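My notes follow in the order in which I looked.

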Amino acid sequence: MDFLNAFVSLSNYVLIPGVAYGSQLALGALGVTLVYGILRFSNFAHGDTMAFGAMVTVLVTWWLQSLGVSLGPLPTALLALPVGILGTIVLLLVTDRAVYQFYREKKAKPVILVIVSMGVMFIMNGIVRFVIGPDDQRFLDGERFVVSARTFKEMTGLDEGLAIKSTQVITVITAVVVVALLFWFLNRTRAGKSMRAYSDNEDLALLSGVNPERVVMLTWIIVAALATTAGVLYGLDKSFKPFTYFQLLLPIFASAIVGGLGSPLGAIAGGFVIAFSEVTITYAWKKVLGYMMPESLAPDGLVQLLSTDYKFAVSFVILLIVLLFKPTGLFKGQSV
Amino acid sequence: MSSDPYGDRGNKDASIANPRGGSTSHPVKKGGHASAAPGGPFLIGEGMTGGYGSGPDILHDCTIAVEKGEIAVIVGPNGAGKSTAMKAVFGMLDLRAGHVRLDGEDITALSPQDRVRKGMGFVPQTNNIFASMTVEENLEMGAFIRTDDFRGTMEQIYDLFPILRDKRYQAAGELSGGQRQQVAVGRALMTQPKVLMLDEPTAGVSPIVMDELFDRIIEVARTGIPILMVEQNARQALEIADKGYVLVQGANAYTGTGKDLLADDEVRKSFLGG
């Protein structure tokens, strides 16, 4: 038995990828939960908003790369990210003016807005594929690893290697910074409090002098920043392909609902719950179990509960379980 | 409702549509300007006729007024239009006739939000606090339109409602019914209003808490803020009232000082249970 090698192997294939994927889901779910809490509908266009933000960032990254600009060991995409966020803010504000505002003025019920957001989703989906095409795009440059498997083996003398990709470190650091900023904004600033007040009790917020259009605008701006950041981090870590963002919608919604819709803290917890379930269930445990068990009991098969092709089934099942047994989610969100 | 293209047709799926805290008010026309109209009582809704949206008239030539330093109380049977009269004064329904004047200005055309800026404080009957926010945040939101330093006002409110100081960092939704009402009144007072309007402040609280709330309301009135109040508990309310209005079917039935109305045989028989 060799616990050290087992743990290193587990970290390499489950813990570290899980934390990075969880951070990306958490950022995505935060955007969904904000729209649900403040604008009161589930925004099905969120995945494609992420794709749009990532697309703008990819285009600007390519342009910067062609100019020879680089951040050294860091990916150039980080330099392009603010432009991507700006582009997405413009897109969301234009969408709001052109589409959502009409329904707000009609006092349309939230479920109407859900359907409307699906229409918006298809349009955004089309725009992204039209501009950048449906294929995989690479835009990652800079140092690929913070610690590579080989140097780790040489350093420690263990059989198992531990690789930490620079994109994973960047993902986690960015997520922590963004979440801290968001919570500071919502809990400490006047504008943030007015958003929470509007979410809590719209009528009373109006009587207190809160301008609803301003709250809506602020919400879209924050959602644009969150979605673009999440989309770019995911694209850097894996690759940019418009269709994967559309598929990401399911784990993102599962995260938001598992944590409790409308609860920012819940969205973060939900992101990690979904990410770790997905990674652990689709991971082949043969190696780790081989280290942990006496040789005679070592498994012959891969000990993989589900093929990675079925990873979306995991979020779907978790979503079903939560909705059946704890519909308010882990953090007592607003859904009943 | 099936004819409403923007309705939800009975959708109850909270996992896609958030049912909480949404706007329930009828769309009220925006804008409009206040014009000078000197003379008359401090706040008066005069000859008000109207209802919600394009619905039937609920108020018929109804007049309600309050003078500086007074407590005016609106009482009447269920469905008499008491709350509606209050909402009409606050601009939450369209008046087809009549005027609302505040402090020498005609504010009939103003939206409720603009009336708050003109110095009206309104405490609705239900959903009158931000339940998920702390007591202190509730008070801060009350002062949202103020750009000056409002910490002094907050201290005054904590002096007026000492229990709120102890619970300032608690979520307002976790407080008892009486304490919630104090938060609601405190929130409305944060704008330093020129007049305070309370819609059934004692609804759903125990008799002991009710007495305490009435004491607090008298204290607020002693600070010089005129109070216009709708009350179910007619007898207690008229006892503290300088002026009382008895409404029946959206019209003034009896008007007088609180003492006069309590002494009036007709009023006693019809509304106060003998």
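I began with helix 2 (residues 46-67) of chain A and helix 9 (residues 212-237) of chain A, whose axes come within 7 Å and cross at roughly 70 degrees; axes here are lines fitted to C-alpha atoms, for helices over the stretch in contact, and angles run from 0 to 180 degrees between N-to-C directions. That makes helix 2 of chain A roughly perpendicular to helix 9 of chain A, on a scale where angles under 35 degrees count as roughly parallel, over 145 as roughly antiparallel, 65 to 115 as roughly perpendicular and the rest as oblique. I noted that helix 2 of chain A passes helix 9 of chain A in a right-handed crossing (a crossing is left-handed if the near helix is turned anticlockwise from the far one by less than a right angle, and right-handed if clockwise). Helices (H or I, at least four residues) and strands (E, at least two) are DSSP runs, numbered from the N terminus.

This is a predicted model, in which local features need pLDDT of at least 70 and side-chain atom pairs count only at pLDDT 80 or more, while totals for chains, interfaces and linings use all residues. Residues are numbered from 1 along each chain as its sequence is written, and chains are lettered from A and ligands numbered from 1 in the order in which they are written.

I then listed the residues that meet: A:H46, A:T49, A:M50, A:A51, A:G53, A:A54, A:T57 and A:V58 come from helix 2 of chain A, and A:A224, A:A227, A:T228, A:A230, A:G231, A:V232 and A:G235 from helix 9 of chain A. Two residues are in contact if their C-beta atoms, placed from the backbone, lie within 7 Å. The contact of helix 2 of chain A with helix 9 of chain A has eight nonpolar, seven polar and no charged residues, where Ala, Val, Leu, Ile, Met, Phe, Trp, Tyr, Cys and Pro count as nonpolar, Asp, Glu, Lys and Arg as charged, and the others, Gly among them, as polar.

Next I looked at helix 10 (residues 242-259) of chain A and helix 13 (residues 311-325) of chain A, whose axes come within 9 Å and cross at roughly 30 degrees. Helix 10 of chain A and helix 13 of chain A are therefore roughly parallel to each other, and their crossing is left-handed. Among the residues making this contact I noted A:L250 and A:A254 of helix 10 of chain A, and A:F312 and A:L319 of helix 13 of chain A; by class, the contact has eleven nonpolar, two polar and no charged residues.

From UniProt (unreviewed entry) I took the "transmembrane region" features of chain A, which include residues 168-186 and 305-325; such annotations may be inferred rather than shown by experiment. Residues 168-186 of chain A are 100% helix and 0% strand, with end C-alpha atoms 27 Å apart, whereas residues 305-325 of chain A are 71% helix and 0% strand, with end C-alpha atoms 24 Å apart.

Which helix of chain A gives the most to the side that touches chain B? I found 36 residues of chain A in contact with 33 residues of chain B, and helix 7 of chain A gives the most to that side of chain A, with six residues. The chain A side divides into 17 nonpolar, ten polar and nine charged residues.

Last, I turned to chain B, which an automatic or database assignment divides into domain 1 (34-119 + 195-204 + 217-274) and domain 2 (125-192). Their centres, taken over C-alpha atoms, are separated by 24 Å, and the contact takes twelve residues from domain 1 of chain B and nine residues from domain 2 of chain B.
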